[in-house]
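Biologist: I would like to learn how to read the aromatic rings in a structure. Could we start with charges and then turn to ring pairs?

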Amino acid sequence: MANIKLENLTKRFGENTVVDRVNIEIPNGTLVSILGPSGCGKTTLLRMIAGFETPDEGSIFFDQDSVVNVPANKRNIGMVFQSYALFPHMTVEENVAYGLQQRKLSKEEIDARVKQVIDTVHMKEFQKRKPKQLSGGQQQRVALARALAISPRLLLLDECLSALDKKLRVEMQTELRKILEESKVTTFFVTHDQEEAMTLSDFIVVMNKGIIEQMGTPLEVYEKPKNKFVASFLGKANFFQSEDGTSFAVRPEKIHLSAEEQAGARQEGVITFITYSGNITSYTIECDGEAVLCEKQNVQIRENLKKGQKVFLRWDKDSEIELADE
Ligand SMILES: Nc1ncnc2c1ncn2[C@@H]1O[C@H](COP(=O)(O)OP(=O)(O)OP(=O)(O)O)[C@@H](O)[C@H]1O
Ligand SMILES: [Mg+2]
């Protein structure tokens with residue numbers, strides 16, 4: 001467990017600056033998601049923290065210790081990558097014990113620790129199996145157990161759930177959250193799935209083209225995104241111009257729709273598209289040539305809102321998110 005500080009961390013590949021003066025400070029025991037589009041520098045950032053890439057500039061501190069010159073195998077980091085890379089010829093317990101054997105612990109210590117982490121990830125009944133006899137989610141839990149076994153100062157998880165189907169992924173997210181709360185290990189979790197980042201993290205770091213666009217709690221980055229990029233990368237957003245020319249965003253669920261004209265209506269338009277997805281219905285409304293998205297919880301079925309129908313849109317002033325750009 002450690003407090004992690006990245007200062008002006010920068011990595012270039014040739015002319016290309018892929019991580020650009022990144023500053024992050026993370027308290028002990030927190031779970032931070034790094035979220036951003038493909039190629040924005042997430043894995044490179046993790047690889048620098050792990051010690052597999054050398055930064056061109058900047059520092060990395062674990063607590064008070066600068067680790068830039070510490071080799072990867074001395075940083076005491078647990079890692080799980082997208083491909084779990086379990087040793088195929090070893091059983092679950094041998095996989096989990098591997099890192100401990102490298103550290104030359106006694107057999108008793110190793111056995112006790114292996115038992116403990118296998119219990120944590122609920123894999124006791126599978127401990128004699130080899131990876132190919134396990135499902136994707138089970139393999140993923142073994143990979144996590146192997147990373148946790150060494151009691152790392154820091155856990156780095158890079159898209160480790162993305163190979164799983166949606167249902168299993170959601171189950172594993174909850175599971176992972178519980179395991180990490182129990183083990184209290186500081187964790188960096190890389191994903192490009194915004195829902196996953198929201199569900200799992202204490203903090204979200206939104207990256208774009210090597211820079212940090214915004215960092216905050218899930219609530220802060222969703223409710224108060226600083227700019228268009230963050231507003232549209234994290235959830236959906238409608239963009240409007242104020243009379244003074246500045247722009248603002250309104251989340252689709254904050255827009256009220258009504259078939260009758262109502263006081264305070266901000267826009268009117270025609271429903272051009274409706275999609276029903278069980279718990280919510282999404283309406284696309286064409287207002288002055290612009291498409292506006294509105295989402296409603298299906299607390300009741302609104303049969304009165306149909307495609308081609310004229311509707312009035314209203315939202316509260318405090319649902320307007322001021323944006324820094326444009
Ligand atoms: N060893 C390398 N040499 C040259 N360029 C590299 C190298 N590793 C990564 N890059 C480039 O650096 C940029 C960032 O890559 P990185 O793997 O960090 O992205 P990412 O955010 O993890 O993307 P993804 O979501 O697709 O995994 C990309 O443009 C990539 O092509
Ligand atoms: Mg990556």
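Modeller: A charge sits over a ring if NZ of Lys or CZ of Arg is within 6 Å of the ring centre and within 35 degrees of the ring normal. This is a predicted model, and in it Lys228 lies over the face of Phe239, at 5.0 Å from the ring centre.

Biologist: Over which ring does the charged end of Arg146 sit?

Modeller: Over that of Phe87, with 5.0 Å to the ring centre.

Biologist: How many aromatic pairs are there?

Modeller: Rings pair if their centres lie within 6.5 Å, and by this rule the count is four aromatic pairs. One of them joins Phe87 and Tyr98: the centres are 4.7 Å apart and the planes meet at 55 degrees, so this pair is tilted. Phe87 belongs to the loop between strand S6 (77-80) and helix H2 (92-102), and Tyr98 to helix H2, eleven residues apart.

Biologist: Which aromatic pair is stacked, with 25 degrees between the planes?

Modeller: That is Phe240 and Trp315, 4.8 Å from centre to centre; planes under 30 degrees apart count as stacked. Phe240 lies in strand S11 (residues 238-241) and Trp315 in the loop between strand S17 (310-314) and strand S18 (321-322), so the pair ties together parts 75 residues apart in sequence. Both Phe240 and Trp315 are buried.

Biologist: Which residues do ring pairs link into a cluster?

Modeller: Phe240, Phe248 and Trp315.

Note on methods: Residues numbered from 1 in each chain as written. Chains lettered and ligands numbered in written order. Predicted model: local features only at pLDDT ≥ 70, side-chain atom pairs only at ≥ 80, totals over all residues. Heavy atoms only, no water. Phe/Tyr/Trp six-rings, centres within 6.5 Å; stacked < 30°, edge-to-face > 60°. Helix = DSSP H or I, 4+ residues; strand = E, 2+ residues; numbered from the N terminus. Buried < 20%, exposed > 50% of the residue type's maximum accessible area, 1.4 Å probe, protein only.
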